[in-house]
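Biologist: I have a new structure to look through. Could we go over it together, one topic at a time?

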Amino acid sequence: MLTKRRWLAAGAALAVMGGGVAVAQTASAGPAPRHCPTLHVSKGWYGDNRAKLQKIIDERGSCAGADGARPVAAFDWDNTVVKNDISDATLAWMLRHDKVLRPASWKATNKWLTEDAARALTEACGTSVPAGRPLPTSTDTGCTDEILDVYQDAKTSTGKKAFTGEWNHRRTVPEYVWITQLFAGHSPAQLTGFARAARAENLAAPVGTEQKVGTHTMEGYVRYYAQQRDLIRTLKKANFDVYIVSASAEPLVRAWAPGVGIDREHTIGIRNLVSHGRLTTGVQGCGDVKDTHGEVLTYMDGKRCWINQEIYHVKGAKAWQQQDPAHRPAFAAGDAETDVTFVGDATSGHLAINRNKAELMCRAYDNGDHRWLVNPMFIEPKKRQADAYPCATTGYTRPDGTLGPVHRPDGSVIPDQKDTVY
């Protein structure tokens, strides 16, 4: 008996000889074969998450044979695509290699920086180094420690508040702004070069490595998650338009994103203003918020704004609003409150990497649309949170910074949720 392949070949041969036209037409009838890329990495996916992800890929990607705009997939970066934080890794490298430039005025670096913090930084780092020249942070432990205290704890080394004033807590965080402002004076390409050097160092270090920066102990390694690299590769093969949307400075993400096949046109991060080829302390705005000093970042609601503006070309105040399903990501992934808004906007699947972050986990465990997937961190996962997430009382951060209950789209309150995926 002829196999199907050999039968098709025989039919084609008959057609060429002029006696098998009908056979050739019958043999080639039917829809064209569909391209159905599949995930290859199975280890590390919790429960049936891998199967659910494959279902999303099959239903929204090239396998479905749908015409029209390519579906969008959007990923946070730090602790979502990689383990650990590339902003921390780059700052640590710069401090150890004397790459932070002394500002003319510490107070002028950030609109929310307190007089106490500016005074502490001036005293610790001194004024002998001319403005615009590198601080000797590789050897000046006091200067390095003060910078890290302000960045990591939002306090001076003596415990005084480092930032004060008003800001929309769903759009920005002063410390997140300030780390990008520490990069001022360098060109974007130079900063990407520093990030590449930090990348090489952190990828070479064994998992679990810690490093001393000043007297501070910081993570000393970063790893790409094999599972996320495979997921991004498969989404791209299935004709998804895949973006990185990060609360790290964009030049840093550009150093890392090619490792998962993402180019600079698909990389969105904090964008500091550039003047005469050098980064400044100013930050690009979004929607109806003009270029600012950091009032809007790719942070929480700001990530929605930047996705709407950069990917879907929604302008003005409308960029802050949830769009219709055709103008929202099909799939999104994140690990913290910084990601909760855009991950929740996805229409076919929301992936929450469990780092015990309240609002994200409240929404993920409530699973209101039955499209949420929760997965432990793929490297050094968090232990189970003993207490339930306080969804009904303090799980939500309001714009003024006060805490309240997490609400569903219909206005009902999400009850407290137990941590079950760890």
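Biologist: Which residues line the largest cavity?

Modeller: Please keep in mind that this is a predicted model. The lining of the largest cavity consists of Arg304, Ile307, Asn308, Arg328, Pro329, Phe342 and Asp345. Two elements, α11 (301-310) and α12 (340-345), each give two or more residues to that lining.

Biologist: Which element gives the most to the lining?

Modeller: That is α11, with three residues.

Biologist: And how much space lies in the largest cavity?

Modeller: The space comes to about 40 Å³. With a limit of 30 Å³ or more, the count is one cavity.

Biologist: How is empty space found at all?

Modeller: A probe the size of a water molecule is rolled over the atoms, and this shows where empty space is left.

Biologist: Let us turn to α4. Which of its residues are buried?

Modeller: The buried residues of α4 are Ile86, Ser87, Ala89, Thr90, Leu91, Ala92, Trp93, Met94 and Leu95. Helix α4 covers residues 86-96, and nine of its 11 residues are buried, so the rest of the structure largely encloses the helix.

Biologist: What caps the N-terminal end of α4?

Modeller: Aspartate 85 does, with a side-chain oxygen 2.8 Å from the backbone nitrogen of serine 87. After the helix comes aspartate 98, which has a positive phi, near 55°.

Biologist: Now α3. Which residues are buried there?

Modeller: In α3 the buried residues are Asn49, Leu53, Gln54, Ile56 and Ile57. Looking down the helix axis, one finds them within an arc of 155°, so they line one face of α3.

Biologist: Why would residues three or four places apart point the same way?

Modeller: An α-helix has 3.6 residues a turn, so residues at that spacing point the same way.

Biologist: What span should α3 have, and how far apart are its ends?

Modeller: Helix α3 has 12 residues, 49-60, and at 1.5 Å a residue it should span 16 Å. Its end C-alpha atoms are 17 Å apart, which agrees with that expectation.

Biologist: One last topic: where is arginine 363 found, and what does it touch?

Modeller: Arginine 363 belongs to helix α13 (residues 358-366). Leaving aside residues up to four places away in sequence, arginine 363 touches Val340, Trp372, Tyr396, Val406, His407 and Ile414. A polar atom of the arginine 363 side chain lies 2.9 Å from the backbone oxygen of histidine 407.

Technical notes. Residues are numbered from 1 along each chain as its sequence is written. This is a predicted model: local features need pLDDT of at least 70, side-chain atom pairs count only at pLDDT 80 or more; totals for chains, interfaces and linings use all residues. Side-chain values use heavy atoms; hydrogens and water are left out. Helices (H or I, at least four residues) and strands (E, at least two) are DSSP runs, numbered from the N terminus. The expected span of a helix is 1.5 Å times one less than its number of residues. Buried means under 20% relative accessible area, exposed over 50%, partly exposed in between (1.4 Å probe, protein chains only). The arc is that of the directions from the helix axis to the C-beta atoms. A polar contact is a pair of N or O atoms within 3.5 Å; within protein, one must be able to donate a hydrogen and the other to accept it, and residues adjacent in sequence count only if both atoms are side-chain atoms. On a 1 Å grid over the protein atoms alone, a cavity is a set of points where a 1.4 Å probe fits but cannot get out, and a pocket is an open set with protein on both sides within 12 Å along at least five of seven lines; lining residues have an atom within 4 Å of a point. Grid points are joined across faces, edges and corners, and a volume is the space filled by probe spheres set on the points. Contact means heavy atoms within 4.5 Å.
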